[in-house]
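Here is a brisk report on a multi-chain model.

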Amino acid sequence: MGYILSHADQVLVLTMEHLQVTAVAVILAVVAGVPLGILVTRLRWLYPLVLGTAGVLYTIPSLALFAFLIPFLGLGVKPTILALILYSQLSIVRNTAVGINTVDRAIVEAARGMGMTNGQILRMVQLPLALPIVMAGVRTITVMDIGVATIAAYIGAGGLGVLIFRGIASLYPEQIIAGAAPVALLAVLADYLLARMESALRPKGVGR
Amino acid sequence: MDAFFGYIVREPMVVLQLTGQHIILTLVTVGISIAIALPLGILITRYQRLSFLVIGFSNLGQTIPSLAILGLLIPLLGIGFKPALAALVLRAMLPIVINTYVGIVGIEPSVIEAARGMGMRDRQLLTIVELPLALPVVMAGVRTATVMSISIATLAALIGAGGLGDLIFRGIAMVDGPMLMAGAIPTALLAILADLLLGRMEIGLTPMGIRV
Amino acid sequence: MKTGVMFPLLLLTLVATVLGSACSGSAPAEKPKIIVGSKDFTEQFIVGNMVASLMAENGYPVEKKIGLGGSALVHEALKKGDINVYVEYTGTGLTVMLKQPVISDPDKAYEAVQKGYKEQFNLVWLKSWGFNNTYALVMRKDQADQLGVKKVSDLSAQSKGMVLGATQEFIVRPDGLPGLATAYGFAFKDAKGMDPGLMYSAVAEKQVDVISGFATDGRIPALNLAVLADDKAYFPPYYAAPIVRQDLLDKSPQVAEILNKLAGKITDQTMASLNAAVDVQKRAPEDVAKEFLKSQGLVK
């Protein structure tokens, strides 16, 4: 703990950097993934194609994926955020699609009976009901992104990984912990907050 | 094409050797992880108190960056294969412990009751009913652990343990695209292949009666 | 439903604050922003922070990208403008970036990189800060004594049974292992690549036999290691100097003046003791850099 206390400013700055990269990546991943998830429920033949690609992307080791992107995007935050977005698609697309598909057919029929158009059904019925499941996906990727973002320090994206790499370079365990402990804390905190949101988003009268 | 495969074509033996190191590190990791995690996962289904502790610890452990685990083990174990293996096992056993526990606890109580009603003892219950039913979930954990190990093993190149990370780090340092790809492409292929193979096994291991 | 809306709103506000705080940092200054980079080992952390502190002291907005993974990577970043200044070594610039043969005369080597960089990359070498951080083959003192190894050429006969520890970069650099092996006829049993910071303890703890260390590293004396004399003068001189993008100098020529205040100010011994302050005494590179600048009267 000594290092964290004596370098509180630095740890704080790096934590903010870490949070920024992760937050931007998660938001963009949702912006890209949710429409894609909706699309594959409309065009069924796309589902295996999109999910298959997202699955392959998900398995690519993070160091390798960062490395793939450097020639195109250079260093720093850009390749990092893109890599995190690509990783996240599996969870977001799948959960969105599953969320929409599991809405009871009877409910959709009832909505149609009330004269709703497809767009209205999506906005007013399916998406609100799918939201908790989408949120579960957001929670998964947030926790994952917080961890993966540490490695991005090596390609100039900053964040708490800086302390970990530097701690390894000068064999200084306290410094490694000063990087790792806030990362773990961020992950636990994000997991807790998003779990709260997940249950808050569950519409009254549905499930549990 | 040269930008992607130039180095692989020029130095196939180097790539092959490092791929071999990568596979060995991953296999030994997964082997040891199963050997530790499976019994531990079973054990904690029998002791509720312990399960809180172990599962909580495992969840927390998964949030600690593997890079940090690697770094923290250096003062204890030095550099090379051993600390890399230790760091990988510490990380890879967590999903297997969790999935073993969840797999067994998630079995319908009525099934267990029925088995007990047939006069099965604890041991028989475990080997004849619980483990076979939990196996697909356990395998899902093994699959996660394997794919993750292949990924984390690239970082082992930072501590002298070799593997395909050697080429990735050298490629990054020298901005040598073909060298970088010679590390990244086989690593990605290994991960994708392992995922596919273990996914098949997961389905194959699901008992006939409960396949969806 | 009310709480359902509250939470995402709360999150959005949080995210907005986080993002906002990042952008507001770049105050509207007429002085251009200095983005300083560095490689991934201790000395580079220190000199990178020296550039940062010195420029900040003179009123420039500064962003740090310290600890990038390797020489060519930092070089590419400078060429692309992801950073606009970092400290490089003449020998590295000459052999790795310009892909020219080794020049042993330090002044001629400096002139060659200065000219080559201007022509090929439109990048400017400022004055050298004075120290020469050459590669050096390093062994445990007791083992070197026992085997009677004093010079690098003493090692070639024994190299078959030995394991080399090196940075991943050294293993593939033209002025690294490939050239060294030819020049001295080495054939190591194995070459283990690792993080630059781990080599010294790896050799001290007998996990490898020889390492390709950096001559100015403070851990060589601290861990009782011996530097082998490069008797065939294989390694070129590696004098350290800041390299700056031309467009930065166009916007603010004073950048050169400010960074040249350190010209010739840092000897090999000084750099070694600064490195030791971080690696042996476990002090932060930022603090070590700042203290040195203070001792020179360059920052308050």
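In strand 8 of chain C, Ile211(C) is the bridge partner of Gly165(C). Strands and helices here are DSSP runs, numbered from the N terminus: E over at least two residues for strands, H or I over at least four for helices. This is a predicted model, in which local features need pLDDT of at least 70 and side-chain atom pairs count only at pLDDT 80 or more, while totals for chains, interfaces and linings use all residues. Residues are numbered from 1 along each chain as its sequence is written, chains are lettered from A and ligands numbered from 1 in the order in which they are written.

Strand 6 (residues 163–167) of chain C runs parallel to strand 8 (residues 210–214) of chain C, and two bridges join them. Leu164(C) stands opposite Val210(C) of strand 8. Strand 5 (residues 135–140) of chain C is antiparallel to strand 8 of chain C, with four bridges between them. Here Val138(C) has Ile211(C) as its bridge partner.

## The sheet in chain C

Five strands of chain C make an open, mixed sheet in the order 7-6-8-5-9; strands pair if DSSP finds at least two bridges between them. Strand 7 (190–194) and strand 9 (225–227) of chain C are at the edges with a single partner strand each, so one side of each has no neighbour in the sheet. Neighbouring strands are turned by 35 degrees against each other on average, direction ignored.

How many residues of strand 8 of chain C are buried? Five of its five are, where buried means 20 or more other C-beta atoms within 10 Å of the residue's own, with C-beta atoms placed from the backbone. Val210(C), Ser212(C) and Phe214(C) cover one face, and Ile211(C) and Gly213(C) the other.

## Contacts of chain B

The contact between chains A and B takes 27 residues from chain A and 28 residues from chain B; contact means C-beta atoms, placed from the backbone, within 7 Å. On the chain B side, helix 9 of chain B gives the largest share, eight residues. By class, this side has 19 nonpolar, eight polar and one charged residues.

Towards chain C, 15 residues of chain B are in contact with 19 residues of chain C. Helix 8 of chain B gives the largest share of the chain B side, six residues.

## Confidence in chain B

Chain B averages a pLDDT of 91, and 98% of its residues score at least 70. pLDDT is the predictor's confidence in each residue, from 0 to 100. Among the elements of chain B, helix 2 (residues 12–46) has the highest mean (96) and helix 1 (residues 2–10) the lowest (86).

Conventions
Two residues are in contact if their C-beta atoms, placed from the backbone, lie within 7 Å. Ala, Val, Leu, Ile, Met, Phe, Trp, Tyr, Cys and Pro count as nonpolar, Asp, Glu, Lys and Arg as charged, and the others, Gly among them, as polar. Axes are lines fitted to C-alpha atoms, for helices over the stretch in contact, and angles run from 0 to 180 degrees between N-to-C directions. A residue is buried if 20 or more other C-beta atoms lie within 10 Å of its own, exposed if 12 or fewer, and partly exposed in between; C-beta atoms are placed from the backbone.
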